[in-house]
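Please keep the sequence and the coordinates at hand while reading.

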Amino acid sequence: MKFQRPGAILSTQESDWKLATSRVTHLGIGAHPDDVEFMAYHGIEECFGAKEKTFGAVICTDGSAPPRSGPLSAMSQEEIRRLRQREQLAAAGVGRYGLTIMLDYPSSTAKDPSDKSLDEDLLKILEATRPEVLYTHNPADKHSTHVAVVARVLRVLREMEPHKRPRTLLGCEGWRNLDWVSDEKKEVLDTGGREHLASALSACFDSQISGGKRYDLAVLGRRRANATFLDSHSVDETSMATFALDLTRLMNDHSLTLQDFIDDLVDGMKARIHKELEPWM
Ligand SMILES: [Zn+2]
């Protein structure tokens, strides 16, 4: 499978890429190395050790410009790029992914709406894998590269014939959680089945964590808080939960804009809070 960037890589334990792509049932498309493990962990856990399910990971950017501190401060951009590639491939081994694709785009290119090269790669991957469930960033994320990736994923899916699109498209928590979305409008994904696996995956990304960001503790803490604060009237059904937005309607309804989709969620939460306050005014 050929991609636009010369440094793009495809890694699989299968004998060839065609077999690898045909086996993928759950696909995560993230902006940076480590995004898939943090936001799409539900899919990794779902497929781990399952006979009929296989997880695939797609990373859009080269990740060469993270915060320059800790072990990264003395490294060149190229050395950081290669280290983050190694970390991502190590995570793929730990998580037993069937397929890992690193598309190697500079962040600036990924964020340029007029550049269509990343769209072409994503279309190729989505046509070859045809996943049942697709995980990506959510459109209310506060990281511009994450927003660029979900916007591109939607743009590409809308170009595809409807029967080739995934059954479910989920936009997951990253740089902004989804606690603010009304409960009836958010998807609650149980991610508490193998906490040790989640920890082992996080630990693969030492360059990010030692660099001064405790993503390992923050992500697991968020999942635990999600599970506990979801419902004040019942005991916790799971120890960990990831929240997501169901973007399937957005994929299939071309007239629905990302802004209108988000406005509906914001208005829903506003109405809930007002209703709670109303009797006291
Ligand atoms: Zn990211």
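What follows covers the metal site, then the helices, then the salt bridges.

The model is predicted, so local features need pLDDT of at least 70 and side-chain atom pairs count only at pLDDT 80 or more, while totals for chains, interfaces and linings use all residues. Residues are numbered from 1 along each chain as its sequence is written, and side-chain values use heavy atoms, with hydrogens and water left out.

**Zinc site**

The zinc ion has as its protein donors His32 (ND1), Asp35 (OD), Asp35 (OD) and His146 (NE2), at 2.1 to 2.3 Å. Donors are N, O and S atoms within 2.8 Å of the metal (3.2 Å for Na, K and Ca), and sites may look incomplete because water is not among the atoms. Angles of 57 to 136° among the 4 donor atoms make the site irregular; four donors count as tetrahedral if all angles lie between 85 and 135 degrees, four count as square planar and six as octahedral if opposite donors are over 155 degrees apart and all others between 65 and 115, and anything else is irregular. The donor residues follow the spacing H-x2-D-x110-H. Histidine 32, in the loop between strand E2 (26-30) and helix H2 (35-39), is 114 residues apart from histidine 146 in helix H7 (residues 144-159), and the pair links distant parts of the chain. Helices (H or I, at least four residues) and strands (E, at least two) are DSSP runs, numbered from the N terminus. Histidine 32 is buried at 13% relative accessible area, and histidine 146 is buried at 1%, where buried means under 20%, exposed over 50%, and partly exposed in between (1.4 Å probe, protein chains only).

**Two helices**

The expected span of a helix is 1.5 Å times one less than its number of residues.

| Helix | Residues | First to last C-alpha | Expected |
|---|---|---|---|
| H6 | 13 residues | 19 Å | 18 Å |
| H7 | 16 residues | 23 Å | 22 Å |

The buried residues of H7 include Thr145, His146 and Ala148. Just after H6, arginine 130 takes a positive phi of about 45°.

**Salt bridges**

A salt bridge is a side-chain nitrogen of Lys or Arg within 4 Å of a carboxyl oxygen of Asp or Glu, and the count by this rule is 16. Arginine 81 and glutamate 78 form one at 2.9 Å, N to O, and both lie in helix H4 (residues 77-94), 3 residues apart. Lysine 185 pairs with aspartate 264 at 3.0 Å between the closest N and O atoms.
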